[in-house]
Amino acid sequence: GLIVEACADMEPGANGFREDKPAVLYQFRIALPCGLVLYKAGITNRNPKQRLFTMGVTPGYKAELTGFISFDSGRDARIAEKRLHRKNSSRRYGGPPVMRNGNTELFTASVLEL
């Protein structure tokens, strides 16, 4: 809460998440060549498929959108994301990185309940 308050007047970066814009909570299924399947749950103000390109999924890994929930407010999407991550903390993936960014939002089972 303190960081949000302290940064309230700051402009977000060009590609940064905006809490004052509509957003989606999404989930991607990522299949690794070794047979392991992971799930990435996160938020974006963009189309989730556009977000996939910025995550830098390792070549050879197959990623597909398995679901999303739309929010009128990015703030509401962030709250839902935090709850989802907290609720599924025991399913968090702890292995080597499979993406350029977003590895802390990987899970070993599907976590998005539609």
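The structure contains an open sheet of 4 strands in the order β3-β1-β2-β4, with antiparallel pairing; two strands pair if DSSP finds at least two bridges between them. At the edges stand β3 and β4 (106-107), each of which pairs on one side only. Helices (H or I, at least four residues) and strands (E, at least two) are DSSP runs, numbered from the N terminus. This is a predicted model, in which local features need pLDDT of at least 70 and side-chain atom pairs count only at pLDDT 80 or more, whereas totals for chains, interfaces and linings use all residues. Residues are numbered from 1 along each chain as its sequence is written, and side-chain values use heavy atoms, with hydrogens and water left out.

**Strand β1 and its neighbours**

- Of the 9 residues of strand β1 (residues 23-31), 8 are buried, so this strand is largely enclosed by the rest of the structure. Buried means under 20% relative accessible area, exposed means over 50%, and partly exposed lies in between (1.4 Å probe, protein chains only).
- Strand β3 (residues 62-71) runs antiparallel to β1 and is joined to it by 9 bridges. Ala23 stands opposite Phe71 of β3, and the bridge partner of Phe28 in β3 is Leu65.
- Strand β2 (residues 37-44) is also antiparallel to β1, with 8 bridges between the two. Here Tyr26 stands opposite Gly42 of β2.
- The hairpin of β1 and β2 has 5 residues between the strands, and Gly35 takes a positive phi near 100° there.

**Helix α2**

- Helix α2 (residues 48-55) has Pro48, Arg51, Leu52 and Met55 buried. These residues cover an arc of only 110° around the axis, which puts them on the same side of α2; the arc is that of the directions from the helix axis to the C-beta atoms.
- Lys49 and Phe53, on the other side of α2, are exposed.
- The cover over the buried residues of α2 includes β1, β2 and β3.
- α2 lies across β1, β2 and β3 and runs at about 55° to β1. For such angles, axes are lines fitted to C-alpha atoms, for helices over the stretch in contact, and the angles run from 0 to 180 degrees between N-to-C directions.
- At the start of α2, a side-chain oxygen of Asn47 reaches to within 2.7 Å of the backbone nitrogen of Lys49.

**Nonpolar cores**

- The largest nonpolar core has 12 residues in all, among them Tyr26, Phe28, Ile30, Leu52, Met55 and Tyr93. A nonpolar core is a set of buried Ala, Val, Leu, Ile, Met, Phe, Trp, Tyr and Cys residues joined through side-chain atoms within 4.5 Å.
- The elements that give two or more residues to this core are β1 and α2, and the largest share, 3 residues, comes from β1.
- A second, separate core of 10 residues includes Phe71, Leu84, Phe107 and Val111.
- Tyr93 touches Leu36, Leu38, Val98, Leu106, Phe107 and Thr108, not counting residues up to four places away in sequence; contact means heavy atoms within 4.5 Å.

**Lys82**

- Lys82 lies in helix α3 and, at 48% relative accessibility, counts as partly exposed.
- Lys82 and Ile43 are 39 residues apart in sequence, and their C-alpha atoms are 10.0 Å apart in space.

Methods. A polar contact is a pair of N or O atoms within 3.5 Å; within protein, one must be able to donate a hydrogen and the other to accept it, and residues adjacent in sequence count only if both atoms are side-chain atoms.
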